[in-house]
Structures are given as C-alpha cells and as structure tokens.
Amino acid sequence: METYNLTSVSEFHLMGFSEDPDLQLVLFGLFLSMYLVTVLGNLLIIQVVISDFHLHTPMYFFLSNLSLSDICFISTTVPKMIVDILTHSRVISYVGCLTQMSFYTFFGCMDHMLLTVMGYDRFVAICYPLHYPIIMNPFFSVFLLCVSFLISLLESQMHNMIALQLTCFKDVEIANFFCEPSQLLKCNCSDSFTNTILIYLIFVIFGFFPISWNLYSYYKIVSSILKVPSSGGRHKAFSTCGSHLSVVCLFYGTSIGVYFASAVSQFPRKYMVASLVYTVVTPMLNPFIYSLRNRDMSSALKRLHGRTV
C-alpha cells in the first residue's frame, strides 16, 4: 500500500453507504429527512422550554442545552454527507477533516457531560427533594454547564494534539462517512499503538466516569423510589426520570458500541451503520423521547400549540 507523507496529503476520501447510482437519491432523501427532523425537533424543545415558565427549572435548562448540542453534533457530519451524495464526491480536505473531527469530539463529549449533569439533577431531585432548590440554584446550574463546556473543549483539544502528531499516512481512505478519530489513526503509517492507547484512554477518562456516575445515580434513585409507600408516588417519581434514563441508555449504548466496534470490526459497512445510529439516529430520537415520555413537556407542547392556534 502506498505511503503518503503529511506534506503531500491535502485531502482524504470518505466511504459511502452505497456505490449504486440508483440508491443515491434514496439516501439523499433519507438523510435529509432525518437531519431536518432532528433540527426541527430539537429547536421545538428549545422553543417550548424558553416560552413556558413552568419549564424554567434546572432539568429543562440542561435539556434545552442538550437539544442545542444535538443540533450542532449532527450538523458536523450529516450536511457534508448530503453534499457528497449530491456531488458524487467524498473528498474532504486535510484541514476540513481535522476541523470536522474537532467539532465531532467536542459536541459528542458535550452530550455526554450534559447527560451526566442531568443525571445528577434527577439524583438530587429524587433523593434530596427538600434540598433541591438550594443545591440546584441558577448559579450552580450555570456553573455545571460551564464545566461541561470546558471538559468537552479539553477532550476535543486532546484529540487534535494526537492527530497533529501524525507525520505520514499509509492511505487516504477513511473507512467511515466522516473523519472519526479512530479511523483517522488507522491511516497512520507509523506505529500508532501509542496513539491508539491514548485514544482509548481518553475514552475511559471522559466516558467511563460519566457512565459510572449515571449508574450510581440511578441506583440511588431506584433505591429511594422503592421506599416510597404509595404506588402513585412511585409512578410519579419514575415518570420524572424515565425519559432521561431512556436517552442515557440509547446514547451510551450506541457510543460504546461504536468505540469497541472500531477496535474489533473487520467490516467497515457495519461500523458505519453503528456510527450512523450514534451520530444521527440518537439525536433524532431525543425530542420524541422527551416529548412523548415526559408529562411536563407534553403539557407544555399542548399549551404552546393552543397559544399558536
């Protein structure tokens, strides 16, 4: 396989879902529809939270920021993919690849951190309801959002530092529909074992601890709910965190699958499908989960619809 020096590499070639010309229009319509549904659905969540004073609470403050992060997250990959389908070209410049990877890791980590913060919010609300207004005050909520932003920025810059250390490439073909960090490392012609270890170490640091905290939070939440004497009280407590738990399971399940698939999968197409679920399907389903499974959000949507009519 031909080796390319870094100075001679000005672009990479991304992989498409199909080479069949007859399917290109179908793929274009499918991905454009998914993108529009995601953007409009999350914009609706933001609009509802802003316009309804009943939702001016820490939980929905974080939810609106999660929706904004989801819009940015899907916008780092899908618009480029749609343009590639229309132009029948899957070329991305070296600078564009690093830029896409940077925004992808930033907003992906931002989603992780916001879900962790929302888990903490539900933990305090269920386990310490009397202290909830004092603990989750507006200042502390903004502080948690800023910490999430800074941690996400740190992870993104760490990925950039690793990518910028690559001096040559054995191939310019990236086995995904976007510049995913682990796939970019596989194109490195030098010994990438150290860089691969660093990538997975970053995943453990920025992924394992949020996952562990969410598991601990919901262990304490379930323990507290089971102590509630009335079935009505238990159902109400479960309903307040059920939508968040569904999103956590969907988001972390697909993201962990993508990371492990990149290490063991020998079939790029299957890995691309897993990446598609993580980067496109999950942000698209979040508005539906929060609007259909959350009683407060459903009521706010009805009130917004009534005012509009």
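Biologist: In which hand, left or right, does H2 pass H4?

Modeller: This is a predicted model, in which local features need pLDDT of at least 70 and side-chain atom pairs count only at pLDDT 80 or more, while totals for chains, interfaces and linings use all residues. Residues are numbered from 1 along each chain as its sequence is written, and side-chain values use heavy atoms, with hydrogens and water left out. Helices are DSSP runs of H or I with at least four residues, strands are runs of E with at least two, and both are numbered from the N terminus. A crossing is left-handed if the near helix is turned anticlockwise from the far one by less than a right angle, and right-handed if clockwise; for H2 passing H4, the crossing is left-handed.

Biologist: How are H2 and H4 oriented to each other, roughly parallel or roughly antiparallel?

Modeller: Their axes, which are lines fitted to C-alpha atoms over the stretch in contact, with angles running from 0 to 180 degrees between N-to-C directions, lie 9 Å apart at an angle of about 165°. Angles under 35 degrees count as roughly parallel, over 145 as roughly antiparallel, 65 to 115 as roughly perpendicular and the rest as oblique. H2 and H4 are therefore roughly antiparallel.

Biologist: At what angle do H1 and H2 cross?

Modeller: Helix H1 covers residues 21-51, and it too passes H2 in a left-handed crossing. Residues of H1 including Tyr35, Asn42 and Val49 meet residues of H2, among them Tyr60, Leu63 and Ile74, where contact means heavy atoms within 4.5 Å. The axes come within 9 Å, and the crossing angle is roughly 160°.

Biologist: How many of the 18 residues of H2 are buried?

Modeller: H2 spans residues 58-75 and reaches 26 Å from its first C-alpha to its last, close to the 26 Å expected at 1.5 Å a residue, the expected span being 1.5 Å times one less than the number of residues. Buried means under 20% relative accessible area, exposed over 50%, and partly exposed in between, with a 1.4 Å probe and protein chains only. H2 is largely enclosed by the rest of the structure, because its buried residues number 14 of the 18.

Biologist: Which residues touch the most other members of the largest nonpolar core?

Modeller: A nonpolar core is a set of buried Ala, Val, Leu, Ile, Met, Phe, Trp, Tyr and Cys residues joined through side-chain atoms within 4.5 Å. Of the 60 residues in the largest one, four touch the most other members, namely Phe31, Leu63, Ile221 and Met297.

Biologist: Which helix gives the largest share of this core?

Modeller: The largest share of this core is 13 residues, and they come from H4.

Biologist: Is His112 buried or exposed?

Modeller: His112 is found in helix H4, residues 94-127. Leaving aside neighbours within four places in sequence, His112 is in contact with Phe251, Tyr252, Ser255 and Tyr278. With a relative accessibility of 8%, His112 counts as buried.

Biologist: What separates the C-alpha atoms of Met136 and Val124?

Modeller: Met136 is found in the loop between helix H5 (132-135) and helix H6 (138-164), and at 3% relative accessibility it counts as buried. Apart from neighbours within four places in sequence, its contacts include Pro58, Phe62 and Val124. Met136 and Val124 are 12 residues apart along the chain, and their C-alpha atoms are separated by 8.1 Å.
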